[in-house]
Amino acid sequence: KAKNRPVKIVPRNLGTAINTDLDEYWPSLTADENTMVYTVLVPRDTNAYKMGNLPKTPNYFQEDFYESLRDESGQWQHRQAILPPLNSPSNEGAQTLSADGQWMFYTACGRRDTKGSCDIYFAQRTASGWSDPVNVGAPVNTPFWESQPTFAADGRTLYFISNRSGGIGKKDIWCATVTSIKDDGTPIFGDLKNLGSNINTEGDENSPFMHHDGQTLYFSSDGWPGMGQMDLFLSR
């Protein structure tokens, strides 16, 4: 039925203020759609990259965050790299912004304070920029793999991917709720839940996005019937 009734989609490139010859991906928008943070795969040695000197090493590129603001005419302004301590010599990626743009949750792997292979971290905007990131801890992070957070517009619910035990498939979508806030503004999570068999399958679920309407969850999956391998789905 889907093949016989195709939906016409016309993608629009956001232009050179956002896109380059590097890889740009995983955009996160505030609720007013005027601030966007996204991940860019950047060379560790910019001069060598410009001269075409590309060492064949797995650590030649790293993931960093960039930010762009949209002006009153609706045009995205030239991107700016987010300053340390949020960007670091390590990889940062798969981020989500709170609706007001004041909080960010993102994925980092192999850090000194990690609970497992990859964990979810938190930072907040301050008068001088983004704060030092902190590991959000249990019950969100475990010795297993946690990644790809999306933070709901209710300001309380964090959805994320984990391959921890007790799930339905290989990678499932889970959620946790903010139960309190520390004196430094860091949220504490509890009430951990698996989203259940209406969402999760025996395969992999990835890249969840909770729309700012608070009712619509988009995600990718290779466990539900689709057009190919990993397809996009939504549930309300």
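In this predicted model, the side chain of Thr-107 forms a polar contact with the side chain of Ser-147 at 3.2 Å. The Thr-107 side chain also reaches the backbone nitrogen of Gln-148, at 3.2 Å. The two pairs are set out below.

| Atom group of Thr-107 | Partner | Distance |
|---|---|---|
| Thr-107 side chain | Ser-147 side chain | 3.2 Å |

Thr-107 belongs to strand β6, which spans residues 103-109. Its relative accessibility is 8%, and because the cut-off for buried is under 20%, Thr-107 counts as buried. Beyond its neighbours within four places in sequence, Thr-107 is in contact with Glu-146, Ser-147, Gln-148 and Pro-149, with Asn-91, Glu-92, Gly-93 and Ala-94, and with Cys-118 and Asp-119.

Phe-209 is located in strand β14 (residues 205-210). With a relative accessible area of 38%, Phe-209 is partly exposed, because this value falls between the limits of 20% and 50%. Together with Tyr-218 and Leu-234, Phe-209 forms a nonpolar surface patch, and the accessible area of the three residues together is about 260 Å².

An open sheet is built from 4 strands in the order β1-β2-β3-β4, with antiparallel pairing. Its edge strands are β1 (23-29) and β4 (80-81), each of which pairs on one side only. Within this sheet, strand β2 (residues 35-43) pairs with strand β3 (residues 61-69) in the antiparallel sense over 9 bridges. Val-42 stands opposite Gln-62 of β3.

Conventions:
Residues are numbered from 1 along each chain as its sequence is written. This is a predicted model: local features need pLDDT of at least 70, side-chain atom pairs count only at pLDDT 80 or more; totals for chains, interfaces and linings use all residues. Side-chain values use heavy atoms; hydrogens and water are left out. Helices (H or I, at least four residues) and strands (E, at least two) are DSSP runs, numbered from the N terminus. Buried means under 20% relative accessible area, exposed over 50%, partly exposed in between (1.4 Å probe, protein chains only). A polar contact is a pair of N or O atoms within 3.5 Å; within protein, one must be able to donate a hydrogen and the other to accept it, and residues adjacent in sequence count only if both atoms are side-chain atoms. Contact means heavy atoms within 4.5 Å. Patches are made of residues with over 30% relative accessible area and no salt bridge: like charges are joined within 9 Å, nonpolar side chains (Val, Leu, Ile, Met, Phe, Trp, Tyr) within 5 Å. Accessible areas come from the Shrake-Rupley method with a 1.4 Å probe; for residues, only the protein chains shown count as cover. A salt bridge is a side-chain nitrogen of Lys or Arg within 4 Å of a carboxyl oxygen of Asp or Glu. Two strands pair if DSSP finds at least two bridges between them.
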